[in-house]
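Here is a short briefing to read alongside the model. Take a moment with the sequence and the fold, and then let's walk through a few features together.

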Amino acid sequence: MLRRWLDRIYLAAGAVSAAFIALICVLMVAQSIMRELGLRTGAINDIVAWFCAAAAFLAMAHAFKHGDFVRVTLLLEKLSPRRCRQLEVVSLAIGSVAVGYLMWAACSYTYESWEFNDISQGLLPMPLWIPQLSFALGSILLWVAVVDEFIIVLRGGVPTFVRAVEERHAKGDFSSDI
């Protein structure tokens with residue numbers, strides 16, 4: 001049940017990220033039309049920048065779990081399965097700590113913005129913690145995904161991202177390898 005719940009959260013975060021990308025497209029087209037009509041569009045740049053950050057950070061857990069992060073497998077392909085697993089464990093342990101630090105920093109940064117009532121400097125005055133929330137949530141989700149993979153590998157399982165890539169390769173899809 002926990003596995004299904006986590007997978008749904010990763011998928012939902014990916015879907016929200018995709019929605020932000022679609023909104024960026026809509027805003028950019030609207031901005032182009034507004035410029036042609038002589039209307040002011042300055043605040044749209046701020047919103048698009050915040051949406052870009054939201055799309056990037058909310059997509060990270062989904063991308064990680066589906067094998068869409070860049071992995072250097074040249075060394076892994078040359079190792080025995082036992083050594084490969086050991087290297088995966090070490091890599092995921094280091095990744096858990098590194099992403100844990102990112103999560104702590106992102107959440108602290110967002111909390112401080114809320115605590116001090118930081119307001120954006122652009123044309124659209126907004127409390128900064130609102131757009132920064134996607135940074136914090138995305139880093140939390142990525143940390144959960146990395147720890148999730150770490151636990152899978154510690155239990156002797158094949159990492160989800162490895163299975164996802166193998167499934168794509170089995171279907172003849174090598175587009176992520178380019």
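Does Leu37 count as buried or exposed? This is a predicted model, and in it Leu37 has 62% relative accessibility, so it counts as exposed.

**A nonpolar patch on the surface**
- Leu37 sits in the loop that runs between α1 and α2.
- Together with Val29, Ile33 and Leu39, Leu37 forms a nonpolar surface patch.
- The accessible area of these four residues together is about 390 Å².
- As background, nonpolar side chains in soluble globular proteins tend to be buried together.

**The largest nonpolar core**
- The largest nonpolar core has 17 residues, and the members that touch the most others are Phe64, Leu92, Leu142 and Val146.
- Two or more residues come from each of α1 (2-36), α2 (42-65), α4 (81-115), α5 (129-154) and α6 (160-170).
- α5 supplies the largest share of this core, with 6 residues.
- Beyond its neighbours within four places in sequence, Leu92 is in contact with Phe64, Val146, Glu149, Phe150, Val153 and Phe161.

**Cysteines**
- You will find 0 disulfides in the structure.
- Cys52 is in no disulfide, and the nearest cysteine sulfur, which belongs to Cys25, is 12 Å away; a disulfide would need the two sulfur atoms within 2.5 Å.
- Cys52 counts as partly exposed because its relative accessibility is 40%, which lies between the 20% and 50% cut-offs.

Key. Residues numbered from 1 in each chain as written. Predicted model: local features only at pLDDT ≥ 70, side-chain atom pairs only at ≥ 80, totals over all residues. Heavy atoms only, no water. Buried < 20%, exposed > 50% of the residue type's maximum accessible area, 1.4 Å probe, protein only. Core = buried A, V, L, I, M, F, W, Y, C linked by side-chain atoms within 4.5 Å. Helix = DSSP H or I, 4+ residues; strand = E, 2+ residues; numbered from the N terminus. Contact = heavy atoms within 4.5 Å. Patch = residues over 30% accessible without salt bridge, like charges linked within 9 Å, V, L, I, M, F, W, Y side chains within 5 Å. Areas by Shrake-Rupley, 256 points an atom, 1.4 Å probe, with all protein chains shown as cover. Salt bridge = Lys/Arg side-chain N within 4 Å of Asp/Glu carboxyl O.
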